Amino acid sequence: FGNGEVGDPCLGHPKKSTEAREPYISLVEKYRGFSNEFARMRGDLHLTEEEKKTNLIRDIYGIDKYWLIAPGGKRDATTKIWDWRKFKDVVDHFKDRIQFVVIGKSDLLVEPIDGTINLVDKFNDDLRGLFSLVYNAQGCVSGLSALMHLAAALPEKDASGNLVRTKPCVTICGGREPTGWTWYTH
């Protein structure tokens, strides 16, 4: 794991991509001017009314307010993974103040974290269910992952139930990608 020998070759390896040495520069040139046609920089997901009402954590665990946490990461981009023990420190710090729900895939270097609701592997084949889970969460904590992008794509509800803005998300970045890849315009 530490020397990149686990899983696929790292993103910077020529076997992974012919543009591996400078992938960001290659992509900037390829897509220069592409975003000029769009007003916002985030995903655009639409849920049905039923998906919005479906709150697995409330229905099964009786908990209305929770934050999602995704402590795992892909093996081909280990520089994007924050040590899972630091995610545990975050959970411990907010004990009795925030209920965390762990999501992710077990093959993406996820370790169990005490004091959380563990839903690892529960949404591997149910992305729409994951969208509902993110929609009903108060916020998210993750590395550079799909959860970060889902939080930006799904709105947050205020105390009155009105949709006001995107979901709060704390993203742990290692400075590997340019901010344009990881920050949204809000």
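Predicted model: local features only at pLDDT ≥ 70, side-chain atom pairs only at ≥ 80, totals over all residues.
Figure 1. Arg 58 is partly exposed, at a relative accessible area of 33%. Side chains of opposite charge can pair when their charged atoms come close.

**Figure 2. Arg 85 paired with Asp 83.** Here a salt bridge links Arg 85 and Asp 83, and their closest N and O atoms lie 2.7 Å apart. Arg 85 has a relative accessibility of 49% and counts as partly exposed. Asp 83 is also in the partly exposed class, with 28%.

Figure 3. Take a look along helix H4, which covers residues 84-93. Asp 92 and Lys 88 form a salt bridge, with 2.8 Å between the closest N and O atoms. Why are these two separated by about one helical turn? The reason is that Asp 92 and Lys 88 stand 4 residues apart in the helix. Asp 92 is partly exposed, with a relative accessible area of 37%, and Lys 88 is partly exposed too, at 26%. The structure holds 5 salt bridges, among them the pair shown here.

**Figure 4. Asn 55 in the loop between two helices.** Now we turn to a loop residue: Asn 55 sits between helix H2 (49-53) and helix H3 (56-61). Is Asn 55 buried or exposed? With a relative accessible area of 4%, Asn 55 is buried, because that class takes in values under 20%. Which residues is Asn 55 in contact with, leaving aside its neighbours within four places in sequence? They are Asp 64, Tyr 66 and Asn 136.

**Figure 5. The setting of the close-ups in the whole protein.** For orientation, the protein has 7 helices and 7 strands. Starting at the N terminus, these elements follow the order α-α-α-β-α-β-β-α-β-α-β-β-β-α. The protein has 186 residues, and 30% of them count as buried; Asn 55, from the previous view, is a buried residue. Taking contacts between residues at least 6 apart in sequence, 62% join residues at least 24 apart. The accessible surface of the protein is about 11,700 Å², and carbon and sulfur atoms account for 52% of that surface.

Technical notes
Residues numbered from 1 in each chain as written. Heavy atoms only, no water. Salt bridge = Lys/Arg side-chain N within 4 Å of Asp/Glu carboxyl O. Buried < 20%, exposed > 50% of the residue type's maximum accessible area, 1.4 Å probe, protein only. Contact = heavy atoms within 4.5 Å. Areas by Shrake-Rupley, 256 points an atom, 1.4 Å probe, with all protein chains shown as cover.
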